[in-house]
Amino acid sequence: MAGSAAIYAGYIVVALIFLFPLLWVASLSLRPMAELFAFPPRLVPEHPTLAAYRDVLAGSPLARYLLNSVKLVSATVLCALAIAVPSAYALSCLRFRRPLLKPVVMLGMLAVQLISPLVIALPLYRWFSGLGLINSHTAVVLVYVALSAPFATWMLTGFLDTVPVALDEAARIDGCSRLQSLLRVLLPVMLPGLAATAILLAISTWGQFIVPFVLLTRSDLYPVSVGILDFQSSMDSVSTHLLAAAAILSALPAMLTFLVLQRFIVGALTAGAVKG
Amino acid sequence: MTAGQRRPIEDRPFVWLAPLFLLLAVLYLYPLIDVTRLSLTDATDAATPAHYTFASYRSLLGSSEFLAMTRVALIFVAASIAGQLVFGLLIAALVCAGERRRLPGAALVRAIVLVGWVLPGVVIGIIWKLLLDESGAGIIAYAASLLGGRNPTFLSAPGPALFWVTMANIWRGTAFSMIMQYAGMKTVPPELYEAATVDGAGALQKFRHVTLPSLRGILLINLVLITIATLNTFDMVLPLTGGGPGRATEVVALYIYHLVFSEFQFGRGAAVAVVLMAIGLALSACYARMLRRERAA
């Protein structure tokens with residue numbers, strides 16, 4: 001079938017365009033220094049080595065940056081969910097006295113996400129400088145949570161809307177308070193939605209750049225997104241393989257999370273997109 | 001209202017929403033008001049007190065740097081959104097066509113495209129910087145030399161630098177457009193395609209007369225969202241060009257950052273930030289209207 005052949009040709013072109021840059025950087029990271037400028041360049045190194053990864057992890061602050069990122073991301077995801085779950089419960093299960101308020105709040109959740117973090121980072125920098133909160137991971141996490149809680153609320157409301165109301169009502173008739181019903185009955189049911197939201201939050205927070213770039217000035221506190229920029233400016237062309245290894249290492253957690261759970265995520269994303 | 005009629009505290013939505021609202025008030029609303037206030041001052045850096053003045057806005061209009069930045073930003077945004085919409089649409093159509101024929105591999109292609117989207121922006125900048133290396137280690141330089149180009153310039157000359165920064169941004173953002181269009185195409189009833197096939201329509205005609213009209217709403221929403229995302233681009237450009245050479249790739253967010261943190265003109269930086277925010281708000285208002293119309297449809 002000519003049509004199928006054309007589709008596969010298209011698949012290959014698309015896969016090459018999106019995969020090749022990554023493969024090339026992976027290839028650079030696996031080369032010994034002597035092969036960096038090999039001519040003609042080859043994708044598969046002649047003598048592949050993991051030396052660059054060892055050097056980067058042992059001989060540079062990258063490991064510390066990665067650790068900082070893990071710390072910031074896990075704190076952010078936990079706090080954002082803790083704030084978003086009750087909010088989503090209110091939006092999905094409770095009756096608003098003025099019915100118009102609910103759509104307004106939902107739209108507000110979307111609208112705040114469209115404001116560049118830079119716009120709020122500028123006044124926060126001035127404000128936090130006065131309060132002595134520059135170089136505080138707690139302050140960075142607070143801002144991260146403010147940036148991600150609206151999105152989390154919006155996603156979780158969508159998931160809670162799909163849980164039958166009868167479940168909540170039954171729990172309440174059995175004598176649960178609303179909080180008990182939410183924690184013991186609804187949360188277990190919406191676990192997949194909770195997980196998908198947590199993953200998307202983790203991936204976006206891992207890549208978050210502007211807030212730590214503005215609010216942290218001590219390099220030992222940098223998350224990897226800011227740290228790798230520092231790393232890049234301290235490199236020269238003979239250490240291209242080190243920079244490549246650092247780039248791969250800082251992308252790996254987000255990439256692996258995504259690849260392992262991609263069906264899950266694509267489902268959540270497309271559901272959200274169709275709902276609007 | 002008497003105490004007897006009052007709803008129990010746990011039935012009130014705003015009790016549950018209070019933590020979220022408090023957080024947003026302190027870390028969103030207050031900063032937004034404060035940045036607007038600062039844009040009306042001559043503040044220089046974080047510490048010194050400032051006086052109120054309109055000078056920041058007035059000086060922007062006469063500033064050649066601001067006009068040059070606007071030109072760069074317009075080219076960058078227009079080319080990026082055109083590229084992302086078109087490629088996103090093509091790839092979504094391709095994946096959907098494959099799925100309709102039940103060809104294996106569609107999910108894999110979708111996943112590969114999305115990988116570019118989950119990468120941190122700074123890493124994307126570094127990846128493209130490595131690809132565009134103008135010395136012997138750069139693969140794109142090598143490809144250009146095979147095509148007969150000698151000593152090509154990518155990031156070291158203003159025109160090519162802006163071109164490649166835009167390309168990198170299209171590479172990054174296409175996945176988001178693709179997934180939105182894909183979700184939209186999934187909602188088109190298959191019967192429409194079957195009917196078109198019966199009527200003797202070819203693949204291109206189906207795309208033109210069935211797919212595109214059904215996607216109108218989603219395309220508009222998509223357009224608004226990627227315009228805002230592109231306007232706010234910051235992290236990817238920094239490792240790639242740092243806004244250079246000169247200021248040839250200084251997009252809006254980078255310009256604001258330079259004004260505030262290199263030139264210590266907090267007031268002017270805040271003024272540009274307010275302009276950026278105003279554009280964002282106007283676009284989100286369009287977005288909200290489109291969403292309502294989509295829901296009504």
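1. Let me begin with B:Ala111, which sits in helix H4 (residues 106-118) of chain B. Leaving aside residues up to four places away in sequence, B:Ala111 touches A:Leu259 and A:Gln262, both of them written here with their chain A labels. Is B:Ala111 buried or partly exposed? B:Ala111 counts as partly exposed because 18 other C-beta atoms lie within 10 Å, whereas 20 or more would be needed for a buried residue.

2. A word on confidence, since this is a predicted model. The predictor gives the complex an ipTM of 0.88 and a pTM of 0.87. For chain B the average pLDDT is 85, and 95% of the residues score at least 70.

3. Next, the contact between the two chains. On the chain A side 77 residues take part, and they meet 77 residues of chain B. Which helix of chain A gives the largest share of that side? The answer is helix H1 (residues 2-29) of chain A, with 13 residues. By class, the side of chain A that touches chain B holds 59 nonpolar residues, 16 polar ones and two charged ones.

4. A:Ala149 belongs to helix H6 of chain A, and with 27 other C-beta atoms within 10 Å it is buried. Not counting residues up to four places away in sequence, A:Ala149 touches A:Ala80, A:Ile83 and A:Ala84 from chain A, together with B:Leu20 and B:Leu23 from chain B. A:Cys79 is 70 residues away from A:Ala149 along the chain, yet their C-alpha atoms are separated by 8.4 Å.

5. As for chain A as a whole, there are 13 helices and zero strands. The C-alpha atoms of chain A fill a box of roughly 75 × 70 × 30 Å along the principal axes. Of its 276 residues, 47% count as buried. Among the contacts in chain A with a separation of 6 or more, 74% are between residues 24 or more positions apart.

6. The domain assignment of chain A gives domain 1 (1-49) and domain 2 (60-275). Their centres, taken over C-alpha atoms, are separated by 33 Å. The contact takes seven residues from domain 1 of chain A and seven residues from domain 2 of chain A. On the domain 1 side, the residues divide into five nonpolar, one polar and one charged.

7. In chain B, please have a look at helix H7 (residues 158-186) and helix H9 (residues 203-231), which pack at an angle of about 145° with their axes 9 Å apart. The crossing of H7(B) and H9(B) is right-handed. Residues of H7(B) in the contact include B:Gly173, B:Phe176 and B:Met180, and those of H9(B) include B:Leu215, B:Ile218 and B:Asn222. What classes do the residues of this contact fall into? They divide into seven nonpolar, eight polar and no charged.

8. Helix H8 (residues 190-198) of chain B is hardly covered, as the count of buried residues among its nine residues is zero. Just after H8(B), B:Gly200 takes a positive phi of about 85°.

9. A:Asn135 has a positive phi, near 70°, and lies in the loop between helix H5 (117-131) and helix H6 (137-161) of chain A. B:Phe264 has a positive phi of about 50°, and is found in the loop between helix H11 (252-261) and helix H12 (266-296) of chain B. Why does A:Asn135 count as partly exposed? Because A:Asn135 has 14 C-beta neighbours inside 10 Å, a number that lies between the limit of 12 or fewer for exposed and that of 20 or more for buried. B:Phe264, with 14 C-beta neighbours inside 10 Å, counts as partly exposed too.

Notes
Residues are numbered from 1 along each chain as its sequence is written. Chains are lettered from A and ligands numbered from 1 in the order in which they are written. This is a predicted model: local features need pLDDT of at least 70, side-chain atom pairs count only at pLDDT 80 or more; totals for chains, interfaces and linings use all residues. Helices (H or I, at least four residues) and strands (E, at least two) are DSSP runs, numbered from the N terminus. Ala, Val, Leu, Ile, Met, Phe, Trp, Tyr, Cys and Pro count as nonpolar, Asp, Glu, Lys and Arg as charged, and the others, Gly among them, as polar. pLDDT is the predictor's confidence in each residue, from 0 to 100. Domain bounds come from an automatic or database domain assignment. Axes are lines fitted to C-alpha atoms, for helices over the stretch in contact, and angles run from 0 to 180 degrees between N-to-C directions. A crossing is left-handed if the near helix is turned anticlockwise from the far one by less than a right angle, and right-handed if clockwise.
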